[in-house]
Amino acid sequence: MNETVVCVVGNVATRPVYRELPNGPSARFRLAVTARYWDREKNVWTDGHTNFFTVWANRQLAVNVAASVEVGQPLVVQGRLKVRTEMREGQQQAWASADIDAVTIGHDLTRGTAAFRRSAKPETPGRAETRPEPQWETPPPAEPEAQQDPERVLVT
């Protein structure tokens with residue numbers, strides 16, 4: 001309920017790792033997010049600090065990530081931020097990691113193009129029947145009263 005939801009834009013830093021687990025497919029990859037700012041003294045754009053996030057995708061999102069995401073591609077990722085800290089053997093400082101449990105992932109179209117392909121949905125038993133396509137066409141305008149058939153007169 002009180003989760004930290006973030007939206008980050010960055011580049012894929014590692015090849016997605018896909019796994020089939022007992023509770024469904026899972027995929028993970030690292031995303032590099034670098035701040036850029038305008039350096040007034042040099043009159044150029046300059047890279048700032050780079051943050052690395054481990055992005056986790058589950059179920060159908062994991063399958064689509066494995067088929068669509070490659071190292072170096074610009075992505076937009078939205079999901080729940082989870083920061084973990086732990087002590088490791090032989091180290092004096094705590095180790096920290098920032099993970100994003102992704103809800104949605106897409107290519108950043110400000111930096112390139114993409115060709116979207118809808119993924120095939122697996123057939124679920126009992127849902128083989130399809131609904132009819134809705135009628136999307138605009139109905140013709142109604143005839144004005146002056147152009148109606150004069151013999152069709154309403155008598156009260």
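Leu75 touches Val8, Val9, Gly10, Val12, Phe29, Leu31, Val69, Ile105, Gly106, His107 and Asp108, leaving out residues up to four places away in sequence; contact here means heavy atoms within 4.5 Å. The model is predicted: local features need pLDDT of at least 70, side-chain atom pairs count only at pLDDT 80 or more, and totals for chains, interfaces and linings use all residues. Residues are numbered from 1 along each chain as its sequence is written, and side-chain values use heavy atoms, with hydrogens and water left out.

Leu75 also belongs to the largest nonpolar core, which has 20 residues; Phe29, Leu31, Val65, Leu75, Val77 and Ile105 touch the most other members. Such a core is a set of buried Ala, Val, Leu, Ile, Met, Phe, Trp, Tyr and Cys residues joined through side-chain atoms within 4.5 Å. At least two residues of this core come from each of β1 (5-12), β3, β4, α1, β5 (74-87) and β6. Helices (H or I, at least four residues) and strands (E, at least two) are DSSP runs, numbered from the N terminus. In soluble globular proteins, nonpolar side chains tend to be buried together.

Phe29 lies in strand β3 (residues 24-39). Beyond its neighbours within four places in sequence, Phe29 is in contact with Val12, Thr14, Arg15, Pro16, Phe53, Thr54, Val55, Val65, Leu75 and Ile105. The C-alpha atoms of Phe29 and Val69, 40 residues apart along the chain, are separated by 9.3 Å.

Helix α1 (residues 59-68) has Leu61, Ala62 and Val65 buried. Seen down the axis of α1, these buried residues fall within an arc of 100°, so they line one face of the helix; the arc is that of the directions from the helix axis to the C-beta atoms. They pack against β2 (17-21), β3, β4 (44-58) and β6 (94-107). Arg59 and Ala67 are exposed on the face turned away from the buried side.

Two buried residues, with their relative accessible areas, are listed below; buried means under 20% relative accessible area, exposed over 50%, and partly exposed in between (1.4 Å probe, protein chains only).

| Residue | Relative accessible area |
|---|---|
| Phe29 | 2% |
| Asp108 | 10% |

Asp108 is located in the segment after β6. The side chain of Asp108 makes polar contacts with the side chain of Thr110 (2.7 Å) and with that of Arg111 (3.2 Å). A polar contact is a pair of N or O atoms within 3.5 Å; within protein, one must be able to donate a hydrogen and the other to accept it, and residues adjacent in sequence count only if both atoms are side-chain atoms.
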